[in-house]
2 protein chains.
Amino acid sequence: MNISKLGEFGLIQRIRQSMRTDPSVRQGIGDDCAVLEFDRTRYLLATCDMLIEDVDFTRRDKPLLVGRKSLAVSLSDIAACGGVPKWALVSIGLPRRTDLATAGRIFSGIRRLAQEYKVNIVGGDMSASEKIVIDVCCLGTVEKNNLVLRGKARPGDVIFVSGAFGGSLKGRHLSFVPRVREARYLVTHHKLHAMIDVSDGLVQDLKHILDASGTGAVLFEGAIPLAKEAEGLKDALYSGEDFELIFTAAARDAQAILSRRKDFVPIGAVLERGEGLKLLTRQGRSVALPVRGFSHF
Amino acid sequence: MNISKLGEFGLIQRIRQSMRTDPSVRQGIGDDCAVLEFDRTRYLLATCDMLIEDVDFTRRDKPLLVGRKSLAVSLSDIAACGGVPKWALVSIGLPRRTDLATAGRIFSGIRRLAQEYKVNIVGGDMSASEKIVIDVCCLGTVEKNNLVLRGKARPGDVIFVSGAFGGSLKGRHLSFVPRVREARYLVTHHKLHAMIDVSDGLVQDLKHILDASGTGAVLFEGAIPLAKEAEGLKDALYSGEDFELIFTAAARDAQAILSRRKDFVPIGAVLERGEGLKLLTRQGRSVALPVRGFSHF
């Protein structure tokens with residue numbers, strides 16, 4: 001039996017069950033970031049993301065954008081927990097024939113985004129490799145009472161997104177804005193129950209919230225914002241790498257968010273687990289939403 | 001111009017110069033770990049190491065040992081700064097055809113070593129890849145007054161090593177003991193000036209201490225402990241991946257170390273920078289030691 005049969009999430013689930021942690025770990029494998037004891041008022045957040053040539057980008061993509069993306073995906077994970085990114089380490093594998101200008105542009109892409117978000121690049125590793133591989137580990141902090149994870153969505157919550165979905169493969173997956181500022185606004189002004197960033201697809205990542213919370217949900221077809229590059233609803237629901245936030249808040253908090261900001265869009269509601277995951281169509285029909293999305297294996 | 005012309009260390013030097021850091025960073029790129037502000041009495045240490053199939057290991061190596069090595073090299077970096085490893089994140093790229101038993105053994109190798117050193121595996125990433133790639137990011141802490149870096153060796157210091165050198169490619173590079181306990185003994189009982197772990201070769205890694213400290217050094221040929229697998233002095237000086245510690249201490253502290261422990265071997269002395277790096281042969285001749293060792297590019 002090979003790993004593609006078990007699938008990426010099956011494999012992660014197995015690893016997760018085998019790893020024990022001590023009380024310094026508030027949250028281990030299974031959320032956007034690891035949440036670790038730091039000081040009296042804050043947690044340390046840690047996340048790693050690996051990009052591989054011909055899987056996550058190609059040689060035809062601009063090296064500056066490839067470097068940018070390698071950090072941006074990790075910033076997006078810190079954002080999804082409500083945190084402030086502070087430090088990053090960059091491990092990179094490069095073919096020996098790589099020209100210096102290409103290597104320089106990859107690092108410039110990382111450096112520019114790091115400066116924009118006041119993130120310190122503090123270390124890493126370098127290796128020869130047949131294909132370009134970049135693994136960025138990002139560390140941040142979050143005030144204990146501002147931490148948001150996946151597991152506390154409740155029936156009755158409003159489900160919001162921070163932007164539009166679909167068509168990311170036409171280029172947005174390389175140039176998206178990691179929603180650090182938006183997440184910080186949310187956690188410092190409002191009470192959220194659950195949050196995640198969309199890397200594997202709107203439905204699949206929403207499902208991660210529902211599974212962790214033990215709930216179901218309904219999405220309103222007409223409410224889902226489509227990116228102008230999107231090919232349609234299916235693309236928006238399943239294609240992945242949008243790197244927008246999905247979050248849930250109780251109805252009263254949802255009202256407060258809506259009254260103050262126009263950039264967070266309500267797209268559905270959290271239901272009891274038995275309701276499953278449904279789509280309410282424009283015609284008013286309720287249909288089950290199949291769960292699928294990107295999986296590496 | 002491609003990167004192999006500039007070389008690994010030339011490229012790191014360029015990146016290092018281009019990255020600015022804020023006061024939360026006590027030490028950024030250029031030592032075994034990044035050293036970050038954590039709490040009043042301790043620093044946070046962070047280090048990443050990337051292993052790539054056919055560069056750092058092959059398919060013929062046991063997956064259990066490959067997994068073990070991927071964490072062990074990062075534990076060795078934490079040790080080289082005098083710290084205690086606490087948390088690790090594992091990013092892994094696996095070919096889709098990888099059988100589940102192989103993937104399981106890689107993770108078992110990581111898990112067993114993590115348990116032995118009380119390290120929590122708290123997160124990571126997983127991706128499809130043509131070759132196996134494992135990047136481990138390890139976090140630890142060190143009391144501020146126990147931190148040891150590369151840059152404070154002083155003329156007159158005794159140079160010690162924690163074990164034997166050479167022949168690592170015959171298997172020890174997969175099964176070495178990361179010197180966490182030894183380093184903790186040293187920093188909690190003695191005053192060290194500089195420390196590094198040997199990944200690129202005894203001479204090359206000693207040179208990193210000398211460059212950072214602005215000093216020279218002499219090694220005594222007859223004092224350098226050869227591993228039983230070593231093919232001779234050259235192998236011991238240059239082959240790399242021994243993962244023993246090199247450290248320096250003032251003469252009085254060196255006496256204290258020698259009087260209490262037999263496992264740390266004095267192999268030379270720190271000199272003024274102008275003396276360069278020399279070897280005192282068994283015949284009593286002083287010869288310049290050329291600096292070379294492993295470089296990825």
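Predicted model: local features only at pLDDT ≥ 70, side-chain atom pairs only at ≥ 80, totals over all residues.
1. In one of them, Phe176(B) and Phe243(B), the ring centres are 4.1 Å apart and the planes lie at 20 degrees, so the pair is stacked. Phe176(B) belongs to the loop between helices H5 (172-175) and H6 (180-189) of chain B, and Phe243(B) to the loop between helix H8 (233-238) and strand S10 (245-249), so the pair ties together parts 67 residues apart in sequence. Phe176(B) is buried at 6% relative accessibility, as is Phe243(B) at 3%.

2. Phe247(B) and Phe264(B) make an edge-to-face pair, with 5.5 Å from centre to centre and 85 degrees between the planes. Phe247(B) lies in strand S10 of chain B, and Phe264(B), 17 residues away, in the loop between helix H9 (251-260) and strand S11 (265-272). Relative accessible area is 0% for Phe247(B) and 2% for Phe264(B); Phe247(B) is buried, and Phe264(B) is buried.

3. In chain A, ring pairs join Phe160(A), Tyr185(A), Phe247(A) and Phe264(A) into a cluster. Arg261(A) lies over the face of Tyr185(A), 4.3 Å from the ring centre.

4. The largest nonpolar core has 63 residues, and Leu94(B), Leu192(B) and Phe247(B) have the most contacts inside it. Helix H3 (residues 63-80) of chain B gives the most to this core, with eight residues. Apart from it lies another core of 62 residues, including Leu71(A) and Phe160(A).

Conventions:
Residues numbered from 1 in each chain as written. Chains lettered and ligands numbered in written order. Heavy atoms only, no water. Core = buried A, V, L, I, M, F, W, Y, C linked by side-chain atoms within 4.5 Å. Buried < 20%, exposed > 50% of the residue type's maximum accessible area, 1.4 Å probe, protein only. Helix = DSSP H or I, 4+ residues; strand = E, 2+ residues; numbered from the N terminus. Phe/Tyr/Trp six-rings, centres within 6.5 Å; stacked < 30°, edge-to-face > 60°. Lys NZ or Arg CZ within 6 Å of the ring centre and 35° of its normal.
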